[in-house]
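Please read it alongside the sequence and the 3D structure shown here.

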Amino acid sequence: MKFAVVQFGGSNCDRDVFHVVSDVCGVDCDLVWYKDGLKKDYDAIVLPGGFSYGDYLRAGAIAARMPVMKDVIRHADAGGLVLGICNGAQIGAESGLVPGMFTTNEYPKFICREAYLRVENTTSPFTSKYTPGEVISIPIAHKEGRYVASPDVLETLESENRVAFRFCDSEGNVTEASNPNGSAGNITGVLGGDGNVLVMMPHPERASEKVLGSDDGLRLFESMIAHCEAQ
Amino acid sequence: MNYTVDITISLKEGMLDPEARAIQHALSDLGFQTEKISTARVFSVTIDAVSKEGAEGRAVEMCERLLANPVIHCYKTEVRE
């Protein structure tokens, strides 16, 4: 099994993801510079957080149009796993891997704090190790994390069970007060493709070891690994 | 021939504009009462094209492929005379 983490100019969570996949989970992982393209077969590709291209134009817009993303889309179209975290989620949405987009927070400032998420879908390759409705604590760190999509798209996401995570309070209540950035329907994790793509604003790699305060994110990587092992 | 096209990218009607809201509050603090503020971004692009229409067509393509995100944006192009 092999994972890849794509590094763009301005990525800054690439090594954190690499650490969790290779050191914590013990899975072989490559750090791939975007200009080198994806030359090997990978089971899973991670688009990490950061500020690719300085968030110029729109967060993720320029990275989404780099040639390496054609490789990533090809990988997703073939059923391979793609996980986009934070800036990686913005890149994933800008490249059309999932519908909608992530834009400026309702209150336009950078938010860096713990967030409670309710796990809405436990049948995806990313969430199988969680229980339905489980409340997990994973940090967020973004200024452009407000999920926006047309009413039609939002309806389809709900009817096709493509919402993976929603912001909630510690009890699992999805409320306006528990929505840190004004995302539509409190949505902050969206499944694309045949469920083999997940983009999410929270950082599971920052919550994958107890020493960091939460290891609720670890099961996301373990779910991916279990899925790849079963293939 | 070179044509300069002004491309304006703005938010679709009804889209939340947090930046405009913050600016509106700041203007209000300075004593400027406003009914509505919206923000937009302007790109001036100089293109070598055979005609004005050709230059505008290229600018539209730029909007479709990169400059605007159709989820929240609309755009307009204007070729300078």
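A polar contact is a pair of N or O atoms within 3.5 Å; within protein, one atom must be able to donate a hydrogen and the other to accept it, and residues adjacent in sequence count only if both atoms are side-chain atoms. The model is predicted. On that definition, six residue pairs are in polar contact between chain A and chain B, with both residues at pLDDT 80 or more.

**Interface of chain A and chain B**
- On the side of chain A that touches chain B, β5 (101-103) and β8 (146-148) of chain A each supply at least two residues.
- That side of chain A is made up, by class, of seven nonpolar, four polar and five charged residues.
- Chain A brings 16 residues to the contact, and chain B brings 14 residues.
- About 1200 Å² is buried between the two chains, and carbon and sulfur atoms give 63% of that area.

**Sheet in chain B**
- Chain B has an open sheet of three strands in the order β2-β1-β3, with antiparallel pairing.
- β2 (40-48) and β3 (73-79) of chain B are the edge strands, each pairing on one side only.
- From one strand to the next, the twist averages 20°.
- β1 (residues 2-11) of chain B runs antiparallel to β3(B), and seven bridges join the two.
- Within this part of the sheet, H73(B) in β3(B) stands opposite L11(B).

**Helix over the sheet**
- Helix α2 (residues 52-67) of chain B lies across β1, β2 and β3 of chain B.
- The helix α2 of chain B runs at about 160° to β3(B).

Technical notes:
Residues numbered from 1 in each chain as written. Chains lettered and ligands numbered in written order. Predicted model: local features only at pLDDT ≥ 70, side-chain atom pairs only at ≥ 80, totals over all residues. Heavy atoms only, no water. Contact = heavy atoms within 4.5 Å. Buried area = accessible area lost by both parts, 1.4 Å probe. Helix = DSSP H or I, 4+ residues; strand = E, 2+ residues; numbered from the N terminus. Nonpolar A, V, L, I, M, F, W, Y, C, P; charged D, E, K, R; others polar. Pairing = 2+ DSSP bridges. Axes fitted to C-alpha atoms, helices over the stretch in contact; angles between N-to-C directions.
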